[in-house]
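Please keep the sequence and the coordinates at hand while reading.

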Amino acid sequence: MSIRYLSPNTSRLMPRRPQYPDEVGKAGKKVQSSLTSDDREKLVARLRTIAKLFDDAVTVPGTKITLGWDAVIGLIPFVGDTATTAVSAYFLWEAYRLGASRWTLVKMVGNVLVDFLVGLVPLVGDLIDVTWRANRRNMKLLEKELEKQQKRKKI
């Protein structure tokens, strides 16, 4: 039984679904087009900072190995990997807002999933987590996508 039949006033409380798939696409375009060029530049700079902090924050003395907060927080079983995945999810949301293509977003989600699933394995996952660097990979994918968008706009 639907909730709408319980009371005549409940129907106005229910969220309305879009009637057509085009309306869903328009809502996404609305989010993407609301960014000015200045906002886009600030957003990309913020994402670069996040990628650097989570993947390359500190160089291990005497080596070329760099560690970020992703590797450090990932040492805490399950909770650490979940927290770093949440930051990566924010990264994905902002990439969507910048207008990244679906294929680029799928690749980015794959990087985050690999980072999360491998990070769940104790010790070995943490060592692989140092080398995988999902946020940096996602930043490179996003930068390529933004370059393609700029080329399309110039033509």
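## Nonpolar surface patch

Helix 5 (residues 102-119) contributes the largest share of the nonpolar patch, 3 residues. The patch as a whole covers about 640 Å² of surface and is made by Ile76, Phe78, Val79, Val109, Leu113, Leu117 and Leu120. Patches of this kind are made of residues with over 30% relative accessible area and no salt bridge, where nonpolar side chains (Val, Leu, Ile, Met, Phe, Trp, Tyr) are joined within 5 Å and like charges within 9 Å. Accessible areas come from the Shrake-Rupley method with a 1.4 Å probe, and for residues only the protein chains shown count as cover.

Leucine 113 lies in helix 5 and, at 45% relative accessibility, counts as partly exposed; here buried means under 20% relative accessible area, exposed means over 50%, and partly exposed is in between (1.4 Å probe, protein chains only).

## Basis of the model

This is a predicted model, in which local features need pLDDT of at least 70 and side-chain atom pairs count only at pLDDT 80 or more, while totals for chains, interfaces and linings use all residues. Residues are numbered from 1 along each chain as its sequence is written, and side-chain values use heavy atoms, with hydrogens and water left out.

## Overall architecture

The protein chain holds 7 helices and 2 strands, arranged along the sequence in the pattern α-α-β-β-α-α-α-α-α. Helices (H or I, at least four residues) and strands (E, at least two) are DSSP runs, numbered from the N terminus. Of the 155 residues of the protein chain, 32% count as buried, and the chain exposes about 10900 Å², of which carbon and sulfur atoms supply 65%.

Taking contacts (heavy atoms within 4.5 Å) between residues at least 6 apart in sequence, 61% join residues at least 24 apart.

A patch of positive charge gathers on the surface from Lys107, Arg137, Lys140, Lys144, Lys148 and Arg152. Lysine 144 is found in helix 7 and counts as exposed because its relative accessibility is 56%.

Helix 7 also holds asparagine 135, which counts as buried at 1% relative accessibility. Leaving aside residues up to four places away in sequence, asparagine 135 touches Ala51, Phe54, Asp55, Asp70, Ser88 and Phe91.

## Salt bridges

Side chains of opposite charge can pair when their charged atoms come close. A salt bridge is defined as a side-chain nitrogen of Lys or Arg within 4 Å of a carboxyl oxygen of Asp or Glu, and by this rule the count comes to 5 salt bridges. One of them joins the side chains of arginine 48 and glutamate 143 at 2.8 Å, N to O. Since arginine 48 lies in helix 2 (residues 37-55) and glutamate 143 in helix 7, this pair ties together parts that are 95 residues apart in sequence. Arginine 48 counts as partly exposed at 43% relative accessibility, and glutamate 143 counts as partly exposed at 26%.

Asp56, Arg133 and Arg136 are linked in a network of salt bridges. In the pair of arginine 133 with aspartate 56, the closest N and O atoms are 2.5 Å apart; arginine 133 sits in the loop between helix 6 (124-132) and helix 7, and aspartate 56 in the loop between helix 2 and strand 1 (58-59), 77 residues apart. Both partners count as buried, arginine 133 at 9% relative accessibility and aspartate 56 with a relative accessible area of 17%. In the pair of arginine 136 with aspartate 56, the closest N and O atoms are 3.2 Å apart; arginine 136 lies in helix 7, so this pair ties together parts 80 residues apart in sequence. Arginine 136 counts as partly exposed, at 33% relative accessibility.

## Positive phi angles

Phenylalanine 78, although not a glycine, has a positive phi of about 60°. It is placed in the loop between helix 3 (69-73) and helix 4 (79-97) and counts as exposed at 52% relative accessibility. Leucine 123, also a residue other than glycine, has a positive phi near 60°; leucine 123 lies in the loop between helix 5 and helix 6 and is exposed, with a relative accessible area of 65%.

Definitions and conventions: Lys, Arg positive; Asp, Glu negative; His and termini not counted. Charge placed at Lys NZ, Arg CZ, Asp CG, Glu CD.
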